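Here is a briefing on a structure model. Look at the sequence and the coordinates first, then read on.

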Amino acid sequence: MGAASPSRRHCLLLVGLAPLALAGCGRREPPAPVVDLMIETNGDLLEFKPTELTCHAGDHVRLTFRHTGKYVNVEHNWALILPHAFDAVTAAAVKAGEEHGWVPPGDPRILAATPMCGKGQAVMTEFIAPAAGDYPFICTFPGHAQSMWGVLHVLERS
Amino acid sequence: MSKRIRSVALLACVVLVTAATVARTAELQAPDEVKNALRILAYVQDDMARKLPSHSYARLPHESQEFTEASQAMRDAVAREPAAFKAKVEGALGKALAASDTVAEISKSNDEAKITTAVGAVDAALQVLNGLFPEPLRPVPGQLGPGPGRGQGPPPGLR
């Protein structure tokens, strides 16, 4: 039970440093920064407020959408879509119907979407921000996207 | 000389009308609420009209219900106005609501011409209601929604 021999000590040192060495070899990217974005309806109007949001490519976005309507019992959501997909997505949303919350399931043109929510409620979605560029966001409830839309500006990460 | 007089008279008229409009707006107890209520009603009517090209008539009773709910925003907005003015507003609002109820009823017929006429009647009734208020508070037809397209969705570069 005496002190460990030099060769045994060397082995123990290697075993102890192994996890650190392996971690260093993994070349892991730093975790994506978490960004909280807030958006709401413009009261009972079929409009988002604000109509422009900004984040950086690769951000872990936590978006909260609040329905601030007071009078009209109509549901809204927030959906981020690919550029140039507006007509196709709004048509697909009508086809998806109420049973799918007016969001076509698994549609690759929809990058993120909250569930529908009624007046006074808030809903959330999380997503990793796509490559830099301007992306439209809309409410997919039939007929709303014509005026309920805005732009997410995704900036290059410096 | 007569041209100059005419120009001065025209300018005076413009100034008087503008002043009267500003005074009328200032007279309202809650002009912002009135403006908001008129816009809510306009949006619901607009949404109703959007159901026509896609023949989504089954949605029209829902739109009619939303119109009824939106009417409360107008009642709240004029709640502190003089009784005579409130009665005028209520009369115009009542006609718009009746027109909206007709849309819900006619929508079951699936008769495109009748439904189009009924939706048009809601728009006409709303114009009468809008006319009771100063122009700066009235929604501009075809100018609802953000961006350059105003109610036409995102611009072509994004759409």
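A:Ala91 is found in helix α2 of chain A. Helices (H or I, at least four residues) and strands (E, at least two) are DSSP runs, numbered from the N terminus. This is a predicted model: local features need pLDDT of at least 70, side-chain atom pairs count only at pLDDT 80 or more, and totals for chains, interfaces and linings use all residues. Residues are numbered from 1 along each chain as its sequence is written, while chains are lettered from A and ligands numbered from 1 in the order in which they are written.

**A:Ala91**
- A:Ala91 counts as partly exposed because it has 13 C-beta neighbours inside 10 Å.
- The cut-offs: a residue is buried with 20 or more other C-beta atoms within 10 Å of its own, exposed with 12 or fewer, and partly exposed in between; C-beta atoms are placed from the backbone.
- A:Pro142 is 51 residues from A:Ala91 in sequence, yet the C-alpha to C-alpha separation in space is 8.4 Å.

**Five-stranded sheet, chain A**
- The strand order is β3-β9-β8-β5-β6 in an open sheet of 5 strands with mixed pairing.
- Two strands pair if DSSP finds at least two bridges between them.
- β3 (52–56) and β6 (110–113) of chain A stand at the edges with a single partner strand each, so one side of each has no neighbour in the sheet.
- On average, neighbouring strands of this sheet are turned by 25 degrees against each other, direction ignored.
- β8(A) pairs with β9(A) in the antiparallel sense, over 6 bridges. A:Gly133 has A:Val154 in β9(A) as its bridge partner.
- β3(A) pairs with β9(A) in the parallel sense, over 5 bridges. Here A:Glu52 has A:Val151 in β9(A) as its bridge partner.
- Side chains alternate along β3(A). A:Leu53 and A:Cys55 point to one face and are buried.

**Four-stranded sheet, chain A**
- A further open sheet has 4 strands, in the order β2-β1-β4-β7, with mixed pairing.
- Its edge strands are β2 (48–49) and β7 (122–128) of chain A, each pairing on one side only.
- Strand β1 (residues 34–41) of chain A runs antiparallel to β2(A), joined by 2 bridges.
- A:Thr41 stands opposite A:Phe48 in β2(A).

**Helix pair, chain B**
- Helix α4 (residues 83–107) and helix α5 (residues 112–130) of chain B pack at an angle of about 170 degrees, with axes 8 Å apart.
- Axes are lines fitted to C-alpha atoms, for helices over the stretch in contact, and angles run from 0 to 180 degrees between N-to-C directions.
- Residues of α4(B), including B:Ala92, B:Ala96 and B:Val103, meet residues of α5(B), including B:Ala118, B:Val122 and B:Leu129.
- By class, this contact has 15 nonpolar, 3 polar and 2 charged residues.
- Ala, Val, Leu, Ile, Met, Phe, Trp, Tyr, Cys and Pro count as nonpolar, Asp, Glu, Lys and Arg as charged, and the others, Gly among them, as polar.

**Chain A against chain B**
- 24 residues of chain A are in contact with 24 residues of chain B (contact means C-beta atoms, placed from the backbone, within 7 Å).
- On the chain A side, α2 (86–96), β8 (133–138) and β9 (149–155) each give two or more residues.
- The largest share, 3 residues, comes from β9(A).
- The chain A side divides into 12 nonpolar, 8 polar and 4 charged residues.

Definitions and conventions:
Contact = placed C-beta atoms within 7 Å.
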